[in-house]
Amino acid sequence: MIFHASIPARDPVVTAAMLAELTGGTAYPFPPVRGGFIVFTGAGNGHALEIYPAGVGVAPGGVEIAAGTRQGGAPGETHIALGVPKSEAEIRSIARQAGWTCETCDRGGFFQVVELWIDGTFLIEALTPEMQRAYAASMTPENWAKTFGFANAA
């Protein structure tokens, strides 16, 4: 199951507003990526779209994902968070077999993911069943607004 995905946009403000309207959801700024937004879909299940300014990509950041302006050949502007029926150890074993970079990372104390860097260029945030429960409990428009002090949606 895909929990969230990121997309690039020339105008993240407009894109976030239109996607919020389209999905019946709510848009907020996305502090981890300067100029980014997050749209929680209206389904109320924590599913979301992250909108990054075009040209801003994600890359392995040592302990955790890093965002910044893409340079030639740098990792991409998009990623997905994928719920999987595997344990952390099983995910690590699969990554090792494939030769992928793999690191368990904390997302602000709300939930954890196992970052899998496919060929060092594409990020899949794999969530074990336990991680999925923490994700679903924390990723709500209400929690986002409270955590980051947003009074109103964008």
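## Basis of the model

The structure is a predicted model, in which local features need pLDDT of at least 70 and side-chain atom pairs count only at pLDDT 80 or more, while totals for chains, interfaces and linings use all residues. Residues are numbered from 1 along each chain as its sequence is written, and side-chain values use heavy atoms, with hydrogens and water left out.

## Overall fold

The secondary structure comes to four helices and 10 strands, where helices (H or I, at least four residues) and strands (E, at least two) are DSSP runs numbered from the N terminus. Along the sequence these elements follow the pattern β-α-β-β-β-β-β-β-α-β-β-β-α-α.

Of the 154 residues, 40% count as buried; here buried means under 20% relative accessible area, exposed means over 50%, and partly exposed lies in between, with a 1.4 Å probe and protein chains only. The accessible surface comes to about 7800 Å², of which 57% belongs to carbon and sulfur atoms, the areas being taken from the Shrake-Rupley method with a 1.4 Å probe and, for residues, only the protein chains shown counting as cover. Among contacts (heavy atoms within 4.5 Å) between residues at least 6 apart in sequence, 51% join residues at least 24 apart.

## Strand pairing

Two strands are said to pair if DSSP finds at least two bridges between them. On this basis β7 (79–83) pairs with β1 in the antiparallel sense over three bridges, and with β10 in the parallel sense over five bridges.

On β9 (residues 111–118), seven of the eight residues are buried, so that the strand is described as mostly covered. Strand β8 (residues 101–107) runs antiparallel to β9 and is joined to β9 by seven bridges, with D106 opposite Q112 in β9. These two strands form a hairpin with three residues between them, and G108 in the turn has a positive phi of about 65 degrees.

Helix α1 (residues 12–23) has 12 residues and reaches 16 Å from its first C-alpha to its last, close to the 16 Å expected at 1.5 Å a residue, the expected span being 1.5 Å times one less than the number of residues. Its buried residues are P12, A16, L19 and A20; seen down the helix axis they fall within an arc of 105 degrees, so they line one face of α1, the arc being that of the directions from the helix axis to the C-beta atoms. These buried residues pack against β1 (2–9), β2 (26–29), β3 (37–40) and β4 (48–53), whereas the face turned away from the buried side carries the exposed residues E21 and L22. Just after α1, G24 takes a positive phi of about 70 degrees.

In helix α3 (residues 129–138), M131, Q132, Y135 and S138 are buried, and because they cover an arc of only 140 degrees around the axis, they lie on the same side of α3. On the other side of α3, E130, R133 and A137 are exposed.

Residue S87 lies in the loop between β7 and α2 (88–98), and at 31% relative accessibility S87 counts as partly exposed. Although S87 and L127 are 40 residues apart along the chain, their C-alpha atoms are separated by 8.8 Å.
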